[in-house]
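Please consult the sequence and the three-dimensional view while reading.

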Amino acid sequence: MAINTTNYEKVIQVLGKKSATLVAVSKTKPEADIQALYNLGQRDFGENYVQELVAKQPQLPADIRWHFIGHLQSNKVKYIAPFVHLIHGVDSEKLLREVNKQGAKLGRVIDVLLQVHIAAEETKFGFDSVELEALMQTGTLQALGFVRIRGFMGMASNTDDMELVQREFEGLAGLFRQYRQRPLPHTELEVLSMGMSGDYVVALEAGSNMVRIGSLLFGARNYQQ
Ligand SMILES: *Cc1c(COP(=O)(O)O)cnc(C)c1O
């Protein structure tokens, strides 16, 4: 196992021109690989599985900003609430309320992104635009003083049709611009998390300012391990 330093430097260069943030997605990868990328200066890392994140976090430098990017079950929020930097995948009001509850217990305001469903596929999680509008109301958000909605996250269709991917990203960027103009409680929209190894360039063109990249940096994942 080794990290791909050449790809890392290339990605950093591309992102630098756009002032975008790299979240290095280290799911299934050993702590040694994370430490190697950390040693090159990387501080934002993304994980998908609660158990894995909770096991890795104490073994690695304390100044790592841990992003939870997977599908989060309400009953597991409590395990990551004390230290997580940003939860990307909040995809229901129930989950948002649970994050708020755990934040309240800790006296910690937890930053979240709302996951918006932009892909043509049915299988991806996230709010559709009608559900998003229902949530983004002063009346709903007012009581949620221990979360701060920092932005939106989206995953495009898993396809080679880059025009479709582009349209999906542009759709989410449009929603982001629209909601940014609206003052809402506990909401400071700054982050648009879109783009992975295969589509981050398209995402940046569409207006992403945070990309989540795994396999380009760490190599392909082997889920059998
Ligand atoms: C795994 C994952 C990524 C990274 O995917 P790569 O194709 O390896 O870059 C990004 N975002 C989410 C939500 C993921 O689950």
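## Burial and the position of Ser 157

A residue counts as buried when its relative accessible area is under 20%, and as exposed when that value is over 50%; anything in between is partly exposed. The model discussed here is predicted. With a relative accessible area of 5%, Ser 157 falls under the 20% limit and is therefore buried.

Ser 157 is located in the loop that joins β6 (147-154) to α8 (162-180). Apart from neighbours within four places in sequence, the residues in contact with Ser 157 are Ala 119, Ala 120, Glu 121, Leu 164, Val 165 and Glu 168.

## Ala 36 in helix α2

Ala 36 belongs to helix α2, which covers residues 31-39. The relative accessibility of Ala 36 is 29%, a value between the limits of 20% and 50%, so this residue counts as partly exposed.

A separation of 31 residues in sequence lies between Ala 36 and Thr 5. In space, the C-alpha atoms of these two residues are 9.5 Å apart.

## The ligand and its surroundings

The ligand is surrounded by 13 residues, and the closest are Lys 27, Asn 48, Ser 197, Gly 214 and Ser 215. By residue class, this shell comprises six nonpolar, four polar and three charged residues.

For Lys 27, a polar side-chain atom is 2.7 Å from a ligand oxygen atom. For Arg 221, an N or O atom of the side chain lies 2.8 Å from an oxygen atom of the ligand. Gly 214 contributes a polar backbone atom, found 2.8 Å from an oxygen atom of the ligand. On its own the ligand has 390 Å² of accessible area, of which the protein covers 91%.

## The chain as a whole

The secondary structure consists of ten helices and eight strands. The chain is as compact as a globular protein of its length, because its radius of gyration of 17 Å is close to the 17 Å that the globule rule gives for 225 residues. Along the principal axes, the C-alpha atoms fill a box of roughly 50 × 40 × 35 Å.

Of the 225 residues, 50% count as buried. The chain exposes about 10700 Å², and carbon and sulfur atoms supply 49% of this area. Among contacts with a sequence separation of 6 or more, 61% are between residues 24 or more positions apart.

Notes. Residues numbered from 1 in each chain as written. Predicted model: local features only at pLDDT ≥ 70, side-chain atom pairs only at ≥ 80, totals over all residues. Heavy atoms only, no water. Near = heavy atom within 4 Å. Polar contact = N/O pair within 3.5 Å; in protein donor to acceptor, adjacent residues only side chain to side chain. Areas by Shrake-Rupley, 256 points an atom, 1.4 Å probe, with all protein chains shown as cover. Nonpolar A, V, L, I, M, F, W, Y, C, P; charged D, E, K, R; others polar. Helix = DSSP H or I, 4+ residues; strand = E, 2+ residues; numbered from the N terminus. Rg over C-alpha atoms; globule rule 2.2 N^0.38 Å. Buried < 20%, exposed > 50% of the residue type's maximum accessible area, 1.4 Å probe, protein only. Contact = heavy atoms within 4.5 Å.
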